[in-house]
Amino acid sequence: MPGSFKISSHQLMILILLYSVGTVILHTPSPLAGFAKQDAWLAALFGTGIALIFVWLYIRVGNLYPDLALDQINEKVFGKLVGKLINLTFFIWSFSTSSETIYYVGNFIETFWMPDTPLLALNILLAAVVIFTVRLGLEAFTRTLEIFFIPVLLLLTVFLISIIPESNIQNIQPVFEDGAKPVIRATLFYVSVFTLSPVMFLMIFPSKVSERKKGGKAFYIGTLIGGIILILVIMLDILVLGPDTTARNIAPSYTMAKKINVGNFLMRIEAIIATIWIITTYTRAVMYFYVSVVVFSNIFNIKDYRPFTTALGMIMVFYSSIVFPTVPSSGEFNKNIWLFYAATYGLVMPLLLFITAKLKNLIKKHHHSQQ
């Protein structure tokens, strides 16, 4: 039965870490440098700090009803009808984001590796892997990520160390050249892609985690290490390429990896960054799709979500090919609209849940004390 699995806190930490790095490592440095120029790394630093505050809120929301997933908490706190309506919009958000994630990977492979291959064909291939993974269940998936985890960290370390000789400290000076405003704008963008979406993990935390106390710690550690990796990558993007090139490039981390040359021996290792990115983005796509399928089946009170995976997966493929009409439109969406979209579920929904649940408890206590 796919609903009865448990994952360890270690597996949760790896899942959160790889998810956090996800699409962010490749696509975020460019808009960040567009907003804050050489101060883009500061935006990542502040955004990661804010993320830890959000993790605190998510843990508090999860612990309201530790045996329930987020969509079940919605129904419990807001009542059946309102809860289901909120869950329906939550499903639309996670489902459309899984389609967007598939689009990003397909678009990257088409742009850099296979320009003659139709985008739809690449999307179908990736979606097939995601559908298959979700059918097998999150337990099998987190075990697979444990195998990927060490190679990803090793590759990332090799990448970061080999690029250091190419860096130029002049590129990140002066700090706060245009004042705080561009950095605040860039931080908001970083918060929208890194800080708000881990609300997804309330679908499995703490209800599906075997050691709950350690689970909260794992949530913090996964987010923090993911954030540190992104701060380092964004900083190196600017140190190596400079803020202007970083801002103009759709995948600056990939371009930066092409510059690596250690003694004319270690060269052309951009495949490393692409491999890291595809594994972490696959993690993100699986998580979004898993959440959307589970929420969808729960709306109709169906215990087993697996019968829906293929049908929703087909819709996801179709949607991924039309979600953005052009590549620039995806950039515009991420810069200007995504923040409000993500904040609805990453900030407004958990805050409302937390406040409503606390108020209900107070009213209940007051009612009991009067009897």
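Trainee: How many salt bridges does a search of the whole structure find?
Mentor: This is a predicted model, and what follows should be read with that in mind. When the whole structure is searched, the number of salt bridges found is 4.

Trainee: Which residues are linked with E75 in a network of salt bridges?
Mentor: The side chain of E75 meets that of K80 in a salt bridge, with 3.3 Å from N to O. E75 also forms a salt bridge with K84, where the closest N and O atoms are 3.1 Å apart. E75 takes part in both pairs, and the residues linked with E75 in the network are K80 and K84.

Trainee: Is K80 buried or exposed?
Mentor: A residue counts as buried under 20% relative accessible area and as exposed over 50%. E75, the salt-bridge partner of K80, has a relative accessible area of 12% and is therefore buried, and K84, at 18%, is buried as well. K80 has a relative accessibility of 56%, so K80 is exposed.

Trainee: What is the distance between the closest N and O atoms of R306 and D304?
Mentor: R306 is partly exposed, with a relative accessible area of 28%, and D304 is partly exposed too, at 24%. These two residues form a salt bridge, and the distance between their closest N and O atoms is 3.4 Å.

Trainee: Which element of the chain has the lowest mean pLDDT?
Mentor: The chain has a mean pLDDT of 85, and 97% of its residues reach 70 or more. Where pLDDT is low, the predicted coordinates should not be read in detail. Among the elements, the highest mean, 91, belongs to helix α4 (residues 40-62), while the lowest, 67, belongs to strand β2 (residues 266-267).

Trainee: Are α3 and α9 roughly parallel or roughly antiparallel?
Mentor: Two packed helices are described by the angle between their axes and the distance between the axes. For helix α3 (residues 29-36) and helix α9 (residues 181-195), the axes are 8 Å apart and the angle is about 160°. An angle over 145 degrees counts as roughly antiparallel, so α3 and α9 are roughly antiparallel.

Trainee: How many of the residues of α3 are buried?
Mentor: The buried residues of α3 are P29, S30, P31, L32, A33, F35 and A36, and the helix is followed by K37, which has a positive phi, near 50°. Helix α3 is mostly covered, and the count of its buried residues is 7 of 8.

Trainee: Which residues of α13 make the contact with α1?
Mentor: The axes of helix α1 (residues 9-21) and helix α13 (residues 270-299) come within 7 Å and cross at roughly 105°, which means that α1 is roughly perpendicular to α13. From α1 the contact involves L15, L18, Y19, S20 and V21, and from α13 it involves T280, T283, R284, M287 and Y288.

Trainee: What separates the C-alpha atoms of G49 and L224?
Mentor: G49 has its place in helix α4 and is partly exposed, with a relative accessible area of 35%. Along the chain G49 and L224 are 175 residues apart, yet the separation of their C-alpha atoms is 8.3 Å.

Conventions:
Residues numbered from 1 in each chain as written. Predicted model: local features only at pLDDT ≥ 70, side-chain atom pairs only at ≥ 80, totals over all residues. Heavy atoms only, no water. Buried < 20%, exposed > 50% of the residue type's maximum accessible area, 1.4 Å probe, protein only. pLDDT = per-residue confidence, 0-100. Helix = DSSP H or I, 4+ residues; strand = E, 2+ residues; numbered from the N terminus. Axes fitted to C-alpha atoms, helices over the stretch in contact; angles between N-to-C directions. Parallel < 35°, antiparallel > 145°, perpendicular 65-115°, else oblique. Contact = heavy atoms within 4.5 Å.
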